[in-house]
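Visitor: I am new to protein structures. Could you show me how to read one?
Guide: Let us look at it together and take the features in turn.

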Amino acid sequence: MKSLLDSEFSDSNIVIARADDLLNWARLSSLWQLSFGLACCAIEMMATSASHYDFDRFGVMPRPTPRQSDVIIISGTVTLKMALRIKRLYEQMPDPKYIISMGSCANCGGPYWEHGYHVLKGVDRVIPVDVYVPGCPPRPEALLEGLLKLQEKIRNESLRTKKSA
Amino acid sequence: MKEAQEIFDILKEKFGESVIEINTETPVEPIITVHPLKIHEIGEFLRTNEDLYFDSLMNLSGVDDANGEKVKDDQEFDTISGGTLSVYYHLHSVKHNHKITLKVSTGREKPEVESVESVWKCADWHEREAYDMFGIIFLNHPDLRRILMPYDWEEGSYPLRKDYKNPEFYKGMKVPY
């Protein structure tokens, strides 16, 4: 869906938009991600950030602190020890905040689902996930697709309804 | 450079009963079994003796031999009673370029082994790992606490033991799938 602000205006300096559209457009176009990687998925995430796939063309750039971040990509195996830290990082992010769960481990435990005594079987057991990206690890294209899905989700948000995630 | 049999003979002569046996039937390297409460003394000798000079502890690992009797606990869960836990030491001498593997076995109910931390400094974290995963107590270790699992992980719960049972919850998080 193309929003009002994505169309071209040549004959006027005034743009009239709904507050919803304006905010959503601003939010989805500059999703600053928390600079945070967990395991092998983080390597793919870094590749996605690098010049070839160029996350920055979608307005995604890493921030070193959760207080300046909009999205956290859970890129890798979530151990029970790390789960507590992830929860704390997530709580430090300002609203509105989004979560992409990247890869099988973060989605559901992945190969550790049965004998991983140290692994949390899905990061959604501690924080609410917006988009799940499958793969082991997902290719950069898959992560980009996940990001586009998240943008789509944000585009349809409204100020009148509370984010339900 | 010395062969495993020569090293065994030297140890046997010096420590007598504390050096139990040599197994040369192993696929890779012969294994010398020694007494768990003499490993520090033997390690110190292997480390300092000019002809042996094992200055490098390449690896130290715990093993659950699972050779005890299989019994059901009150919740019908398989546990192992009796038998042994073992610790393996892989030594290398950079000076003489020879290797040897040491093994100690200790009772599962009260697994106590002397620490070799004061002989090879790197044994510190290796022993903590063996303690963390198998519950082997290293006597005279300066800082024996869990290293990989959380510090407040269930007391007496050691994940790599063959009869390990995962807890249902850790800090409110469900552990099983």
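**Reading a buried ring**

Guide: B:Trp153 is buried, with a relative accessible area of 3%. This is a predicted model, so every value here is computed from predicted positions.

Visitor: Which aromatic residue does B:Trp153 pair with, and how are the rings arranged?

Guide: A pair of aromatic rings is described by the distance of the centres and the angle of the planes. Here, B:Trp153 pairs with B:Tyr170, with 5.3 Å from centre to centre and 45° between the planes, and the pair is tilted. B:Trp153 sits in the loop between strand 9 and strand 10 of chain B, while B:Tyr170 is in strand 10, so the pair ties together parts 17 residues apart in sequence. B:Tyr170 also counts as buried, at 6% relative accessibility.

Visitor: How many aromatic pairs does the structure hold?

Guide: Over all chains there are 5 aromatic pairs. One of them is formed by A:Tyr117 and B:Tyr164: the ring centres are 6.1 Å apart and the planes stand at 75°, so this pair is edge-to-face.

Visitor: Where do A:Tyr117 and B:Tyr164 lie?

Guide: A:Tyr117 is in the loop between helix 4 (103–108) and strand 5 (131–133) of chain A, and B:Tyr164 is in the loop between strand 9 (137–139) and strand 10 (169–170) of chain B, so the pair joins two chains. A:Tyr117 is buried, with a relative accessible area of 16%. B:Tyr164 is buried too, at 16%.

Visitor: Now chain A as a whole. How many helices and strands does chain A have?

Guide: Chain A has 5 helices and 5 strands. Read from the N terminus, their order is α-β-α-β-β-α-β-α-β-α.

Visitor: What does the radius of gyration say about chain A?

Guide: The idea is to compare it with the value for a compact globule. For 165 residues that value would be near 15 Å, and chain A has 17 Å, which agrees. The C-alpha trace of chain A spans about 65 × 35 × 25 Å along its principal axes.

Visitor: What share of the residues in chain A is buried?

Guide: Buried residues make up 43% of the 165 in chain A. As for the surface, chain A exposes about 9000 Å², and carbon and sulfur atoms supply 55% of that area.

Visitor: How should I read the contacts of chain A?

Guide: Ask how far apart the partners are in sequence. Among contacts in chain A with a separation of 6 or more, 76% are between residues 24 or more positions apart.

Visitor: Which residues touch A:Asn107, leaving aside its neighbours within four places in sequence?

Guide: A:Asn107 is found in helix 4 of chain A. It counts as buried, at 15% relative accessibility. Beyond those neighbours, its contacts include A:Ser101, A:Gly122, A:Asp124 and A:Tyr132.

Visitor: And where is A:Thr77 placed?

Guide: A:Thr77 is in the loop between strand 3 (71–75) and helix 3 (80–92) of chain A. A:Thr77 is buried, at 17% relative accessibility, because buried means under 20%. Leaving aside neighbours within four places in sequence, A:Thr77 is in contact with A:Leu38, A:Ala39, A:Cys105, A:Tyr112 and A:Val119.

Visitor: Is B:Ala130 buried or exposed?

Guide: B:Ala130 is buried, with a relative accessible area of 4%. It lies in helix 3 (residues 123–134) of chain B. Leaving aside neighbours within four places in sequence, its contacts are B:Gly62, B:Gly135, B:Ile136 and B:Phe138.

Technical notes:
Residues are numbered from 1 along each chain as its sequence is written. Chains are lettered from A and ligands numbered from 1 in the order in which they are written. This is a predicted model: local features need pLDDT of at least 70, side-chain atom pairs count only at pLDDT 80 or more; totals for chains, interfaces and linings use all residues. Side-chain values use heavy atoms; hydrogens and water are left out. Helices (H or I, at least four residues) and strands (E, at least two) are DSSP runs, numbered from the N terminus. The radius of gyration is taken over C-alpha atoms; the globule rule is 2.2 Å times the number of residues to the power 0.38. Buried means under 20% relative accessible area, exposed over 50%, partly exposed in between (1.4 Å probe, protein chains only). Contact means heavy atoms within 4.5 Å. Accessible areas come from the Shrake-Rupley method with a 1.4 Å probe; for residues, only the protein chains shown count as cover. Rings of Phe, Tyr and Trp (its six-membered ring) pair if their centres lie within 6.5 Å; planes under 30 degrees apart count as stacked, over 60 as edge-to-face and the rest as tilted.
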